[in-house]
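Have the structure open and follow along.

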Amino acid sequence: MKFKTGDTAYLAARKQLSEKYGPRELWSAIDHWPLYCGVGNLSRFLAIAEILKQTLSVPGHIAEFGSWRGANLLFMAKLLRIFDPLGSKVVHSFDSFEGLQTFAPEDGAAVATRGQYRGSFEELTDMISLYGMNDDIEIHKGWIDDTLPALLRERTEFSLSLVYVDVDLYAPTRTILDACHSRLSSGGVVVFDEWNHEKFPGETVAARDFLDAHAGEYRPVHVANARQPSMYLVKR
């Protein structure tokens, strides 16, 4: 896997440095985040910011599928506070907060990750409240196969400008793509966090199947200068 050697060395050195300086008070570290943030992680969030900025003029909300601890969710909501403070866009979070559980044959060796990426609903809601963003974010807790169709049935007006897919696996990715297709505005984007990722092949297979079913309706775009997200689709 590309970057494996460098990542291994970096993580080992980071652990050693953390042990050297010991525990720190949370906010003293957060307020100096560029000092501690790795280049790979920084490039990821810069890429997400650029993609989101491209959709500011596209009508509709933002939906993130697979929020884990909520870092990207809060990041996108805070970006809207900066770039579109008086706009009506809301960031919707879809997550079971139970981690990865159900695998399809297309997911291959990803089955070894069962139970990983379990988030804390309580911590996430506390952070949303801390920044006064309860009106900026809506959380749909539960399995996406249940929560997404239910929301679309209930809210026939619900439209999207940006869909962020970070569920890693085939079945939920396909559910998201099929359900959101008709609600995504022209010019809207679908972002894949693990497209072409050998550890999670199901997301790529689901994207490929979806594109085969909607030939010519989307334009794939490579994400430059970031490992993740790795690809996004622009709806024509």
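Leu26, Trp27, Ile30, Leu130 and Tyr131 together make a nonpolar surface patch of about 450 Å². Keep in mind as you look that this is a predicted model. Which helix gives the most to the patch? That's helix α2, residues 26-30, which supplies three residues.

Ile30 is a handy one to click on: Ile30 sits in helix α2, and with a relative accessible area of 35% Ile30 is partly exposed.

## Charged pairs

Now for some charge. Side chains of opposite charge can pair when their charged atoms come close. How many salt bridges does a search of the whole structure find? The search turns up 10.

Start with Arg227 and Asp7, whose closest N and O atoms are 2.7 Å apart. This pair links distant parts of the chain, as the two residues are 220 residues apart. Arg227 is in the loop between β6 (218-222) and β7 (231-235), while Asp7 belongs to helix α1 (residues 4-21). Arg227 is partly exposed, at 39% relative accessible area, and Asp7 is partly exposed too, at 25%.

Next up is the salt bridge between the side chains of Arg81 and Asp136, at 3.0 Å from N to O. Arg81 is in helix α5 (residues 71-83) and Asp136 is in the loop between α6 (121-130) and β3 (137-141), so this pair ties together parts that are 55 residues apart in sequence.

Arg155 lies in the loop between α7 (144-154) and β4 (160-165) and Glu138 lies in strand β3, so parts that are 17 residues apart in sequence get tied together. Glu138 is partly exposed, with a relative accessible area of 31%.

There's a third member here. Which residues do salt bridges with shared partners join into one network? They are Glu138, Arg155 and Glu157.

Go back to the loop between β6 and β7, where you'll find Pro229. The peptide bond leading from Gln228 to Pro229 is cis, and its omega is near -5°. Asn225 is in the loop between β6 and β7 as well. Although Asn225 is not a glycine, its phi is positive, at about 60°. Asn225 is exposed, with a relative accessible area of 72%.

Tyr117 is another residue other than glycine with a positive phi, near 65°. Look for Tyr117 in the loop between β2 (91-95) and α6. Tyr117 is partly exposed, at 30% relative accessible area.

## Two helices side by side

Two packed helices are described by the angle between their axes and the distance between the axes. For helix α8 (residues 170-180) and helix α9 (residues 201-213), the angle is about 30° and the axes are 8 Å apart. The crossing of α8 past α9 is right-handed. Residues making the contact include Tyr170, Thr173, Arg174 and Leu177 of α8, and Gly202, Val205, Ala206 and Phe210 of α9.

An α-helix has 3.6 residues a turn, so residues three or four places apart point the same way. Which residues of α8 are buried? They are Tyr170, Pro172, Thr173, Ile176, Leu177, Ala179 and Cys180. Helix α9 is one of the elements that cover them, and the cover also includes β1, α7, β4 and β5 (184-192).

## A threonine tucked inside

Last stop: Thr55, in the loop between α4 (39-54) and β1 (61-65). Is Thr55 buried or exposed? Thr55 is buried, with a relative accessible area of 2%. Leaving out residues up to four places away in sequence, Thr55 touches Lys89, Ser161, Leu162 and Val189.

Definitions and conventions: Residues numbered from 1 in each chain as written. Predicted model: local features only at pLDDT ≥ 70, side-chain atom pairs only at ≥ 80, totals over all residues. Heavy atoms only, no water. Salt bridge = Lys/Arg side-chain N within 4 Å of Asp/Glu carboxyl O. Helix = DSSP H or I, 4+ residues; strand = E, 2+ residues; numbered from the N terminus. Buried < 20%, exposed > 50% of the residue type's maximum accessible area, 1.4 Å probe, protein only. Patch = residues over 30% accessible without salt bridge, like charges linked within 9 Å, V, L, I, M, F, W, Y side chains within 5 Å. Areas by Shrake-Rupley, 256 points an atom, 1.4 Å probe, with all protein chains shown as cover. Axes fitted to C-alpha atoms, helices over the stretch in contact; angles between N-to-C directions. Left-handed = near helix turned anticlockwise from the far one by under 90°. Contact = heavy atoms within 4.5 Å.
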